[in-house]
There are 2 protein chains.
Amino acid sequence: MSYALLSRRFHQLHHFAHLSAICGWDQATMMPEGGNDARAAALAELSLLMHERLTAPELADWFAAAQAESLTPAQQISLQEMQRRHRQASVLPGDLVQAKSLAGSGCEHAWRRQRRENDWAGFLTNFQEVVALSREEAAIRAEANGGRPYDSLLDLYEPGMNCTQIDGLFAELQQWLPDLIRQVTERQATESVILPQGPFATAAQQDLGRQIMGLLGFDFSRGRQDVSAHPFCGGVPSDVRITTRFDEADFTQSLMGIIHETGHARYEQGLPAQWQGLPVGEARSMGIHESQSLFFEMQLARHPGFVAQLPPLLEASFGPQPAFAADNLARLYTRVAPGYIRVDADEVTYPAHIMLRYEIEKRLIEGDIEARDIPELWDLRMQQYLGLSTAGNDKDGCLQDIHWTDGSFGYFPSYTLGALYAAQLAEALQQQLGSFASLLSQPDGLGNIFAWLQQHIWQQASLLDTDALIRQATGTPLSVAPFRRHLQARYLGRHA
Amino acid sequence: MSYALLSRRFHQLHHFAHLSAICGWDQATMMPEGGNDARAAALAELSLLMHERLTAPELADWFAAAQAESLTPAQQISLQEMQRRHRQASVLPGDLVQAKSLAGSGCEHAWRRQRRENDWAGFLTNFQEVVALSREEAAIRAEANGGRPYDSLLDLYEPGMNCTQIDGLFAELQQWLPDLIRQVTERQATESVILPQGPFATAAQQDLGRQIMGLLGFDFSRGRQDVSAHPFCGGVPSDVRITTRFDEADFTQSLMGIIHETGHARYEQGLPAQWQGLPVGEARSMGIHESQSLFFEMQLARHPGFVAQLPPLLEASFGPQPAFAADNLARLYTRVAPGYIRVDADEVTYPAHIMLRYEIEKRLIEGDIEARDIPELWDLRMQQYLGLSTAGNDKDGCLQDIHWTDGSFGYFPSYTLGALYAAQLAEALQQQLGSFASLLSQPDGLGNIFAWLQQHIWQQASLLDTDALIRQATGTPLSVAPFRRHLQARYLGRHA
């Protein structure tokens, strides 16, 4: 009875989240500029309502009563996930939530200009307030959950993960990654790559992208692809909306962008129908979500066996040109070059971008450094990891990302956790089904790969915690080793 | 204080209505088929919430207390509009609302097939339940409001209007309209019209439509135009969404469709900002809304002075052809021909379609006829009014419209009231500003026309009741005479 009441309440919240997701997608893809204020107010109204319904006093009674009810094991897990949501939302005082939301949107809004203008000093005045409120949030959450303040933020995006684990994983990465980057760049220095010659019409790129989405099993009866300034995967499992930014001078990034978002989308489309509308039926974590997009983009789509399928599609879309030769495309799509910008980074240098952000945000939240110390530490680590200095160039340094502007501390590690999970899943899959090279040469190879992900990840939703999910799929807990073996094999030609 | 609480509650409802409108628009224009069940459930959840908030018991106390507060005259009107909404929503028992909603969606769903299959008998089995529940609704509303049962339904769409008034207006129309139709069709029998030769590419039609929308002052920073199976004007005043159905064989209907929806859109975009979010800030009624779309489509855009501006635009979009000569287009756009289908009817025969529906639905709701009697009465009136028989052809007769399938009785008169209001407004405007012929020959003529509508209709929102609004704009109460003068002048060349 109480479980049923909770189930009804969470289905209701899910319906509201549906409307919020579609209106948020509309805001990013369709809405004319003048609609923004009214839309923001309408979405804020719904958020407030959802927060009230999620933290309502009757829920505590229902949770207590539901514990005593006869529930299936799956319902018990479902109940735990509901309680986790309720606890996370209830622990913060309303005035802190509101203050952080206000400070965050003010800081983010000004940042859009300050970044362009390389105005760190201007940014700092708003950002200090965001940091102060985020520290307060972390302290309150840590007090309620136990553990370190930064852990309590990490837990919002990657439940069950903590600093100690991440410190261990990242320390391991740091041992060999800088040297590997050096070796790869030396090796690639003598490689010649032909760049595709544009222009590439947006409509042709969009058609091509939709063909590739079809090849990757995206269900167009339950989703769409559109254009937005910042690519994302939104919507709801029955109607997944992915977006792309097209550049007529270069199709290569947009194409991989579509494949990346298709990975997110298939996870959503593959979530189990019988748990739709309850927290336990949702994606497990941001790291696992990113593992699916990176599995598609990095493990699968940059594999020579997949790249070899592209030339006829590219020629049909854009006409023939020398750059479309399969071996050239394979080199192009595995090019490694240290750079300033995280979102443009290749899979080899990407973790360096994350490690430096992780160190800075962890120390910042825990009071070990202050906001004003960031540019110097950023510059130092960029020099150490990638041999690049950002001194005086904050717009390509610590001002480049949106995450900190609204206080989303704890999110960055998800990207590299996703890369590690993806490599470990890809290795386990190949041990069980055969190599990608062999699978991709078979007509039903892609189908078998997706069926494996469906079974081991998508249909599991949040029924297991992340550790159990990864152990069940791969036989071992999360480890850096498969990612290292993947990079060594792909970029240095060394096979274990 | 209580007024402030009410204002907050209605703003909240407005925000929810915003999200519902955008998700409804998305459902009709963007959503893939597989998203429908989850979307319907999410929208129904929000409707339920809005109904609860609108009928909540505390509102009665707030209304009582607000009466005693010191309010501006505009706030007093605003309070009355809030009370009207609250009363309309509260008067029906919840189980009747639910039963009608269920019966209506079942009947509508089956109708989509039954209409195609000309299956009146099948339709009747569902429809009798819809009629029974609508009669119950009308009786309960009439009991609460006073007046006749049908009046209480009419009041949902056209507040302040009643059968007695409509009977009078329609009786007048009936005196001269059949004869006028006969005269016009005789006169046009000798007229030759060249039909445009397609195909007309959808993209070119869409571009042309947007140019015309621009010419008509549609604000694209606060709205969009897209494609849907059934054209409509949706969204919110800060972000108005109009839709069009394109036919590559014939651009003429789509073009007028865009102009029609642009009339609805400008009304929404022109509503006063200071009342946004409150009932008093919304459009006055369905009839007044339709008056704006018909003012744009019928009064303005089919005027020879406006049609004369089309040839260069059409030639730029589709290349030159003889049909695009201004005088040919003017004849094409004022062609009168009795037909079976309301939505395809010209402005001269359109009222006949409404008068027969009005008579039938009024008698049906008040128990004077039964649902099974409809086909015979429909056929009889079609023969009398338009010389066409629908015997055995219900799909082009009483099965053609969606309105009755879900019990939206009382809506149809709005279309003809809209045509009458539009003619009366156009006459008053021309008396004050000069004829359309003269205005349309001046560079700022359209701007002056829109400024007049802005002042007299759009910025008035619901601050006046419909009668006062029309009197203030035109100096007289609603009358059939301006519509008659308009038809005589345009179609018979007779000027008063």
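Mentor: Start with Glu186(B) and Arg182(B), which are four residues apart in helix α8 (residues 163-189) of chain B, so about one helical turn separates them. Helices here are DSSP runs of H or I with at least four residues, strands are runs of E with at least two, and both are numbered from the N terminus. An α-helix has 3.6 residues a turn, so residues three or four places apart point the same way. The side chains of Glu186(B) and Arg182(B) form a salt bridge, with 3.2 Å from N to O. A salt bridge is a side-chain nitrogen of Lys or Arg within 4 Å of a carboxyl oxygen of Asp or Glu. Arg182(B) has 41% relative accessibility and counts as partly exposed. The classes are buried for under 20% relative accessible area, exposed for over 50%, and partly exposed in between, with a 1.4 Å probe and protein chains only.

Some ground rules before going on. The model is predicted, so local features need pLDDT of at least 70 and side-chain atom pairs count only at pLDDT 80 or more, while totals for chains, interfaces and linings use all residues. Residues are numbered from 1 along each chain as its sequence is written, chains are lettered from A and ligands numbered from 1 in the order in which they are written, and side-chain values use heavy atoms, with hydrogens and water left out.

Now compare other salt bridges. Over all chains, the whole structure has 62 of them. In chain B, Arg284(B) and Glu81(B) meet in one, at 3.1 Å from N to O. This pair links distant parts of the chain, 203 residues apart: Arg284(B) is in the loop between α10 (252-269) and α11 (286-300), and Glu81(B) is in helix α4 (residues 73-90). Arg284(B) is buried, at 4% relative accessibility, and Glu81(B) is buried as well, at 8%. In chain A, Arg222(A) pairs with Asp219(A), their closest N and O atoms being 3.1 Å apart. Arg222(A) is partly exposed at 25%, and Asp219(A) is partly exposed at 25%.

Salt bridges also join the two chains. Six are counted between chain A and chain B, including that of Asp239(A) with Arg39(B), at 3.1 Å from N to O. Asp26(A), Arg39(A), Asp239(B) and Arg241(B) are linked in a network of salt bridges.

The contact between the chains takes 35 residues from chain A and 35 from chain B, where contact means heavy atoms within 4.5 Å. About 2800 Å² is buried between chain A and chain B, 61% of it on carbon and sulfur atoms. Of the area that chain A buries there, Leu19(A), Pro32(A) and Glu45(A) supply 21%, more than any other three residues. Buried area is the accessible area (1.4 Å probe) that two parts lose on being put together, summed over both.

Polar contacts are pairs of N or O atoms within 3.5 Å; within protein, one must be able to donate a hydrogen and the other to accept it, and residues adjacent in sequence count only if both atoms are side-chain atoms. Between chain A and chain B, 16 residue pairs are in polar contact, both residues at pLDDT 80 or more. On the side of chain A that touches chain B, α1 (2-29), α2 (36-54), β1 (223-227) and β3 (239-244) each supply at least two residues. The largest share, 11 residues, comes from α2(A).

Leu49(A) is in that helix, α2 of chain A. Leu49(A) is buried, with a relative accessible area of 2%. Leaving aside neighbours within four places in sequence, Leu49(A) is in contact with Phe16(A), Phe16(B), Leu49(B) and Arg53(B).

Back in chain B, Glu347(B) sits in the loop between α14 (326-332) and α15 (350-365). Glu347(B) is buried, with a relative accessible area of 7%. Polar contacts join the side chain of Glu347(B) to that of His486(B) at 2.9 Å and to that of Arg490(B) at 2.8 Å.

Finally, take helix α20 (residues 466-474) of chain B, where Thr466(B), Leu469(B), Ile470(B), Ala473(B) and Thr474(B) are buried. These residues cover an arc of only 100 degrees around the axis, which puts them on the same side of α20(B). The arc is that of the directions from the helix axis to the C-beta atoms. The buried residues of α20(B) pack against α11, α17 (413-433) and α19 (445-456) of chain B. Just after α20(B), Gly475(B) takes a positive phi of about 85 degrees.
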